[in-house]
Amino acid sequence: MGLEFVYQEGQTPLSEEEKEGLLIKTITTHGELDEYEQLNIEKAIQWIMRQKLKKETILTEEFIKALHKRMLGEVWSWAGEFRRSEKNIGVSWIKIGMELKVLLDDTLYWINNETYHPDEIAIRFKHRIVNIHCFANGNGRHSRIMADIIIESVFGYPVFSWNHSNMVKADETRKSYITAIRGGDKGDIKPLMAFARG
């Protein structure tokens with residue numbers, strides 16, 4: 001008997017082909033899957049901490065993919081590869097590379113021209129990359145780590161607290177997070193900025 005996939009609000013269902021990419025066949029519950037993914041993500045964070053990252057490295061498709069592979073490559077065979085299926089969120093999969101390029105160029109422009117406060121630049125990036133939805137899974141976590149990398153490596157500010165949650169559990173914190181994301185969808189990025197520093 002394999003893993004039964006149950007999705008919380010705001011999570012993206014995997015295609016049958018994507019589900020087959022699970023590398024650890026002994027996983028039978030969502031709790032176990034979350035645990036393995038979290039261990040992999042913690043290794044990725046340790047890797048990040050050893051890097052001397054510059055904006056020219058961070059704001060590339062190569063780095064975006066490499067980070068995702070570091071985060072989930074021990075759990076999913078397709079980690080680090082752009083999705084090749086349509087989802088309930090995100091751009092059409094054939095437009096991912098193009099949309100990401102526009103976001104990376106915009107972010108570099110914001111940084112170089114001090115268009116927004118550093119927190120706002122990082123959170124605008126986070127919000128836009130989640131809406132592109134580059135990967136089959138892990139986009140929320142990937143976008144939060146990217147925002148942390150931008151705020152710390154580019155600006156020298158402390159990383160975000162994200163309300164001291166990884167947002168995996170369907171609780172009040174996750175509900176607040178989803179509400180803040182939806183505010184960003186409507187053009188109001190401030191609730192998401194407040195949540196990130198909460």
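Modeller: Helices α6 and α7 run roughly antiparallel to each other, because their axes cross at roughly 155°, where angles over 145 degrees count as roughly antiparallel, those under 35 as roughly parallel, 65 to 115 as roughly perpendicular and the rest as oblique. The model is a predicted one, in which local features need pLDDT of at least 70 and side-chain atom pairs count only at pLDDT 80 or more, whereas totals for chains, interfaces and linings use all residues. Residues are numbered from 1 along each chain as its sequence is written, and side-chain values use heavy atoms, with hydrogens and water left out.

Helix α6 covers residues 118-132 and helix α7 residues 139-154 (DSSP runs of H or I, at least four residues, numbered from the N terminus), and their axes come within 9 Å (lines fitted to C-alpha atoms over the stretch in contact, with angles from 0 to 180 degrees between N-to-C directions). The crossing of α6 and α7 is right-handed, that is, the near helix is turned clockwise from the far one by less than a right angle. On the α6 side, Pro-118, Asp-119, Ala-122, Phe-125, Lys-126, Ile-129 and Val-130 take part in the contact (heavy atoms within 4.5 Å), and their partners in α7 include His-142, Arg-144, Met-146, Ala-147, Ile-150 and Ile-151. By class, the residues of this contact of α6 with α7 are nine nonpolar, four polar and three charged (Asp, Glu, Lys and Arg are charged; Ala, Val, Leu, Ile, Met, Phe, Trp, Tyr, Cys and Pro nonpolar; the others, Gly among them, polar).

Helix α7 also packs with α2, at an angle of about 20° and with the axes 12 Å apart, and α2 and α7 are therefore roughly parallel to each other. Their crossing, too, is right-handed. Glu-37, Ile-41, Ile-45 and Ile-48 of α2 meet Arg-141, Ile-145 and Ile-149 of α7, and the residues of this contact of α2 with α7 comprise five nonpolar, no polar and two charged.

The second largest pocket has a lining of 22 residues, and Ile-45, Arg-144, Ile-145, Asp-148 and Trp-162 lie nearest its centre (a pocket is an open set of points on a 1 Å grid over the protein atoms alone, where a 1.4 Å probe fits, with protein on both sides within 12 Å along at least five of seven lines, and lining residues have an atom within 4 Å of a point). Two or more residues of this lining come from each of α2 (30-50) and α7, and the largest share, seven residues, is given by α7. The lining of this second largest pocket holds 10 nonpolar, seven polar and five charged residues.
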